[in-house]
Each structure stands twice: as C-alpha cells, then as structure tokens.
Amino acid sequence: MGGFENFFAHYNYVATIVLMVAGLYIVIARGNMIKKLIGLMLFQTSVYLLYIAPGKIIGGTPPILDANFTIYSNPLPHVLILTAIVVGVATIALGLAIVSRIHEAYGTIEEDEIIARDDQE
Amino acid sequence: MRLDVVLRVGVKLIIPFMLVFGLYVQLHGDYGPGGGFQAGVIVAGAIITYALIFGIEEAQRVAPRKLVEFLVPLGVLIYAGTGVIGLLSGQNFLDYSVLAAHAPAGRERGILLVEAGVLVTVASTMIALFYAFSERGR
Amino acid sequence: MIVTIAIVRMRNLFGVIALSGVYSFLMASVLMVYDAVDVAMTEAAVGAGVSTVLLLAALHLTKSLEYPMPRPAAVPLIVAVGVGLALIWATYDLPAFGIADAPIHKHVAPHYLQNAIKETQVANVVSAVLADYRSFDTFGEVIVVFTAGIGVMLLLKGRRTRRDGSQGETP
C-alpha cells in the first residue's frame, strides 16, 4: 500500500482537518469576538465530522433497524454528536451573551482595543 | 410593526405545520430519525419565527416568558424524575424496566418520557435565549 | 470549503453569519452522506435556524463591521498550518474510510444493533442508545443546556438596574 492510495483512503479526514485549521486560524488571528465565536463553530463542526466519519460503513444504511437491511453504520458517534450539537449552540449563546456584556462595558468587541483600554486604566 | 403582507400570511400558514412536524419528529423518533433534541429545536424555531415576524410582544402572548422560564427546569425534572422512579422501585437510577410489566415495554416507555423531558428543556431554553437577546436590544 | 474560505476572508459580520447558515446546511448534507440522519436533522435545524438567529441578535447588540486586521497574520497562519499538517500526519494511523472491520465497529456497537429491538422495542437505534443505554450521558447534556440557558438569562437581564451604577462607561 503506497502513500498515494493511503491518501485516498483518508482524504475525508484531510478535508475535515482543513475545516478545523480554518476555524483555528480565525480564533487566533481575528480580534473581533463574534468572529472568534464563528471560528469556534467551524472548529466544532469539523470535530463533528471527525467523529461521524469513522462510523460510516460503505454500503451501510442509517441505523434504523429494518428487516431488509443487514449492514448499518455505527450509531454510537451519532448519539454523541447529536447531543454535542445542541450543547454547542447553547454554549455559543453563552459566549455571545458575554460578548454583548463586554460591548456594554467597553463599547467595543475588538480584543486589541479592550486590552488597550485596560492598560490605560 | 408594519411588515410585508406576504411574510405575515406565509408565516401564519407555515407555523402550524412547523409545530405539528415538531411533534411528529418527537413521537415518531422511535421508528424514524428524530427525538427530543431535534423536536425541541423545531418547536423553538416555530416560536422564534413567529417572534421575528410579528414582534416579541405577540410571541410572548403565545409563550409568556414566565412560562418558558418555568419550563426550563421542568424538563430537567421530568428527566430526573423518570430516573428516580427506577430508584424508588429498587432498581438503578434511570433503569426504566419497572415502568411496565415487561422490561422491553417499560424501556420503550422510559425512552418516551425521557425524550419528553429533553423536548421541554431544549425548546424552552432556546426560546428563553432568544427572548433574553432580543429584550436586551431595546 | 469555498464557503469556509469566504468566512475567513470576509469582514462584514452580517455576511459572515449568512454564510455560516449556508455552511450549516452543507454540513447537514455531508452528514446525510455519512448515514447520520438524526445528526443531519439536528445540524440543519440548529445550525441554520437557531444559531443564525442568535448570532444576528447578538450582532444587533454590537457592531456589524470588523476592523481591518490590526495584527500581523503570519504567526497565526504558521501555527494553524503547522497544527493542520501534524493532524494530517496523525490521520494516517487511522483505519481507512468506510471499511466494516475498523475497531470502532467491534466494540459496543454490534450489541446495540443486535439487541435494540429485543431489549427496548425501539427501531431507531440512535434513540435507543441516546435515551436508554447512555441515558446518564444525555442527562448530563440536558443539564449543560439548562445551565447555559440560566447563565445567559443571568448575564442579559436587569439592564435598568445596572445602567445607573458607575459600572459601565468609565470617563
């Protein structure tokens, strides 16, 4: 098994990781806090994909039992990610609430300006 | 709020179907894709759509804030209470097999109850989040 | 992918949020392809519906334009690409995509798939695992949602009492 075939057996993971890196870049490079939270959302969704992808079996069906099918994809990651999505939106909402309180206190949501104002005082 | 007539009438037509679809997803979750989390989000989505088009006061006549905030802990209590029934009957916490004569039927009933708790918590939390954000804006 | 890059580049936050709704729908269709119908449904409803509305509401409370990048972008780019390359290198130890005898399919999943009907009378295995086999897990998740809701309500309520105090704007 050469490196080339190996790449095509894993290309979906590569795509997932590109998404993850994009999210990470937004979180590190951008100072705007809402943008940072959107970066976190990107990171989260890439983690969802990373969990769901190994559970897929080529030729399998969704895990709803029926007499006509025998191969099902793995239900366990689906359960974990299902709850993680809802929890994710709840935590993002908490983050947004904190951001809007920061906006009320400082008048800005840019990280650099907030740090500059803290240094002035 | 004077908005477009098309939006108002269209949303009025859509919202009953959204609510019914939410209930379908909830109750049919045993046999098809669905369950408490999805149904909760769909029901909350219906209320939020109503609030977006008709204004937050109208939405709070349908789902008053006091009621929504009461439902948030109620869902958790439904879930935990289902667990405690098992505990009181001498089984483990969240062991549903005591809810009916046969263990599988009891477990099915337990799943329905737990999903109902999840529905109540998720839907009311999402609506409460929306109310909190939109009331802050004025 | 293209949507992602556009999200990274764009500075108008309104457009970013609209794009993140598009992204959620695309993600839901990818999850459909991976056989995760329940998850796809949740992602479509949550990502495209509720979280877009919440982001817009938060945007209404703050400003809609992001400032041009005030800091050098090279260091974060190097860090991100480095992390990405390390992760891609790590994926080569994972089993290939879609094969049926990967370790993940050998642990508890066969038990769930074979015994779900017999033990719980529920045909959707995801529901059975969610609410029965792993109900402690789900209970924890529900409590997290509950706590986050309470936290947001605490943070965003009672503006009128705070406004008069000297907490907010400093001269």
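Let me begin with chain B: of its 138 residues, 50% count as buried, where buried means under 20% relative accessible area, exposed over 50%, and partly exposed in between, with a 1.4 Å probe and protein chains only. This is a predicted model, in which local features need pLDDT of at least 70, side-chain atom pairs count only at pLDDT 80 or more, and totals for chains, interfaces and linings use all residues. Side-chain values use heavy atoms, with hydrogens and water left out, residues are numbered from 1 along each chain as its sequence is written, and chains are lettered from A and ligands numbered from 1 in the order in which they are written.

Chain B contains 5 helices and 0 strands; helices (H or I, at least four residues) and strands (E, at least two) are DSSP runs, numbered from the N terminus. Chain B exposes about 6,400 Å², of which carbon and sulfur atoms supply 70%; such areas come from the Shrake-Rupley method with a 1.4 Å probe, and for residues only the protein chains shown count as cover. If we take the contacts (heavy atoms within 4.5 Å) in chain B between residues at least 6 apart in sequence, 62% join residues at least 24 apart.

Chain C has 8 helices and 0 strands. Its 171 residues include 47% that are buried. For chain C, 36% of the contacts between residues at least 6 apart in sequence join residues at least 24 apart.

Now to a pair of helices from the two chains. Two packed helices are described by the angle between their axes and the distance between the axes.

Which residues meet here? Among them are Val118(B), Leu129(B) and Phe133(B) in H5(B), and Val142(C), Phe146(C) and Met153(C) in H7(C).

Finally, consider Thr52(C), in helix H3 (residues 37-61) of chain C. Is Thr52(C) buried or exposed? Thr52(C) counts as buried because its relative accessibility is 14%. Leaving aside neighbours within four places in sequence, Thr52(C) is in contact with Ile17(C), Gly21(C) and Gly47(C).
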